[in-house]
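The sequence and structure come first.

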Amino acid sequence: MLKSASRAGHRPLQALSLGRPYTRHSPIPKERVHIRHSRQFTSSSTLLRPDGERPVQETSNQGQKQQSAGSNYGLIASAFGAALALASLGGYYVGAGKQQQPAVLTTSTTPLKDMQPPQHDTSSENIKAATAEFVEIVGEDNVMSEKEAVETYATSDWSSYTPKKTEVAAVVVSPSTTEEVSRIMKVCHRRRLPVTAYAGGTSLEGHFAPTRGGVCIDFANMNQILKLHKDDLDVVVQPAVQWELLNDELSKDGLFFPPDPGPGAMIGGMVGTGCSGTNAYAHGTMRDWVVSLTIVLADGTVIKTRQRPRKSSAGYDLTRAFIGNEGTLGLVTEATLKLAIKPNNESVAVAAFPTIHSAAACVSDIVKEGVQVAAVELMDDVQMKIVNMGGASARTWDEAPTLFFKFAGTPDAVKEQVKIVQKLVKKANSKSFDFARNAEEINALWSARKVALWSVFEMRQDPSDHFWTTDVAVPISRLADIIEETKDDIRKSGLVGGIVGHVGDGNFHSKFPSVQETFQVQALTDLKAFLLFSEKEKRTAEGLVHRMVKRAVEMEGTVTGEHGVGMIKRDYLAHELGESTVDAMRRMKQAFDPLCLLNCDKVVRVQQPKPGEVSEW
């Protein structure tokens, strides 16, 4: 079972009014076991420090003694002492990692060819010494280094990136406060140790793979709802608060937090990827619901990006700069989130169509009419068949392209929305239209969409089969085109695949028992594809994803609508945005993290790829 999310002196996540503790749960396999190390560590003062630290102090003292040697030799002694101090300073930088004074920057961007490879120190001696310091900061119970334990932080069954055997952290540290995170980062900065952040572990594109080893900061203990401001409709939380648990708590006061990504996702990761979910059609994405962030930078500096007003013109908008940064620019330790009033009435409707084009045409008409539906989800005929085969839904479905609608508002408003949508569905030549009249029917009609992902996951033929989920986004006018072309590509590949999506904002997913693809298209329409494949089929799956991404870019879309870049999409950014834009992002990375300690290799490359590592466009 998962390790406890609390330790002595730190209360667990509490219900704000009744003080009930939450238990941490996420879609992590039950067999994952986090084993705490029992090794006793000696005081960090007795262990190895970076070369140069002690000589700096000693040499400086010698300089001071020489400086006071006598009035007759004052000038000579002063010069000699200054020279020694300079020499010592230079020796410190060499000993602490051969750091040199950076050249004066005269350009606005950093092309990859101008980057020097990161100079980290992940030697066993440095890790051992750092580990002792971490124990002093967070206590021995919150530091682990056993191989079996730390390996669980490198990947997941649903991640599309498979880490190399060397891409595992040497030590996992679990802080409980912003101050502790800051102190940990100061140690890592001084010792030049790479750092990867970990929260819910639900991201999909290799975001938390520790490609440089080093330190993993697990935010499991930082799971507190810190303060709810009901009158201001905002809440302050720590990064390991799950969005489902947050909404459970908020519902007691008639409030809710709209972004709804996958089960188990936590606020820190949601900020990191700039996620969205089924509610994006009506409520927007994570970027629309974050007021302010507390960030720990690579050198341990703590910043707060905003106060609590809903709008501000005070300086650069650092809040949005850190949303979607994927832990490469700084570590989120607190977030102030906007809240919405929870609708007092909801309903669901389902409509089946003869073709994907007719379903897409219906979505386009709904958008043009300005109908305020809460969500519009699409599942194609293959995916509906997969749901039926899985047997987890509350009913058997027509195996045809299907739209799922969610309505919210006052009873009269919901009735009006249903009436308008029913008219537009009929105009698009639908095969059927059913709408819920009570809570039981709502759950029954929405059940197919709820189990779509897991229905595909259950179709694995072998425990060693891989699961790949990825996404793109295109203008909504191209939704039908990209779905049809992708379905045709899947058919030609010999793989079975279904498509699912948040099509109200342009999001669709494609899933395969042998390969799955996830597409997102955002009003842009956001498509998702889920891929199941064996090791032998990996090249086929990679080709499908590559062509899907290329297709989206050529349709003036984006390589990711909500999942983020991670390891998988970084080489596609230049095709979507241009080399100079990616070079500007790389300069931004340098500005916040000049030693490239934070989640190195994600979003933008920091050193040249090996021959054959990047697919031809």
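## Second largest pocket

Sorted by class, the residues lining the second largest pocket are 14 nonpolar, 16 polar and 17 charged. The model is a predicted one. The volume of this pocket is about 1,500 Å³. Its lining comprises 47 residues, and those closest to the centre are Tyr161, Thr162, Lys164, Met567 and Ile568.

Two of the elements that contribute to the lining are a strand and a helix: β16 (466–474) and α16 (538–554) each provide at least two residues. The largest share comes from α16, with seven residues.

## The chain overall

The chain has 617 residues, and 54% of them count as buried. Its secondary structure consists of 18 helices and 20 strands. Among contacts with a separation of 6 or more, 71% are between residues 24 or more positions apart. The accessible surface is about 27,500 Å², and carbon and sulfur atoms account for 52% of that area.

## Helix α11

Which residues of helix α11 are buried? In this helix, which spans residues 381–390, they are Gln383, Met384, Ile386, Val387 and Asn388. Glycine 391 follows α11 and has a positive phi, near 75°.

## Salt bridges between separate parts of the chain

The whole structure contains 32 salt bridges. One of them joins the side chains of arginine 212 and aspartate 601, with an N to O distance of 2.8 Å. Arginine 212 sits in the loop between β3 (195–198) and β4 (215–218), while aspartate 601 belongs to the segment after α18 (579–592), so this pair ties together parts that lie 389 residues apart in sequence. Are the two partners buried or exposed? Arginine 212 counts as partly exposed, because its relative accessibility is 24%. Aspartate 601 has a relative accessible area of 10% and is therefore buried, the cut-off for buried being under 20%.

A second pair is arginine 320 and aspartate 288, whose closest N and O atoms are 3.7 Å apart. Arginine 320 is partly exposed at 41% relative accessibility. Aspartate 288 is also partly exposed, at 30%.

Lysine 492 and aspartate 488 form a salt bridge in which the closest N and O atoms are 3.2 Å apart. How far apart are these two residues in helix α15? They are four residues apart in this helix (residues 479–493), so about one helical turn separates them. Lysine 492 is exposed, with a relative accessible area of 66%, whereas aspartate 488 counts as partly exposed at 29% relative accessibility.

Definitions and conventions. Residues numbered from 1 in each chain as written. Predicted model: local features only at pLDDT ≥ 70, side-chain atom pairs only at ≥ 80, totals over all residues. Heavy atoms only, no water. Buried < 20%, exposed > 50% of the residue type's maximum accessible area, 1.4 Å probe, protein only. Contact = heavy atoms within 4.5 Å. Areas by Shrake-Rupley, 256 points an atom, 1.4 Å probe, with all protein chains shown as cover. 1 Å grid on protein atoms, 1.4 Å probe; cavity = no way out; pocket = protein on both sides within 12 Å on 5 of 7 lines; lining within 4 Å. Points joined across faces, edges and corners; volume = space filled by probe spheres on them. Nonpolar A, V, L, I, M, F, W, Y, C, P; charged D, E, K, R; others polar. Salt bridge = Lys/Arg side-chain N within 4 Å of Asp/Glu carboxyl O.
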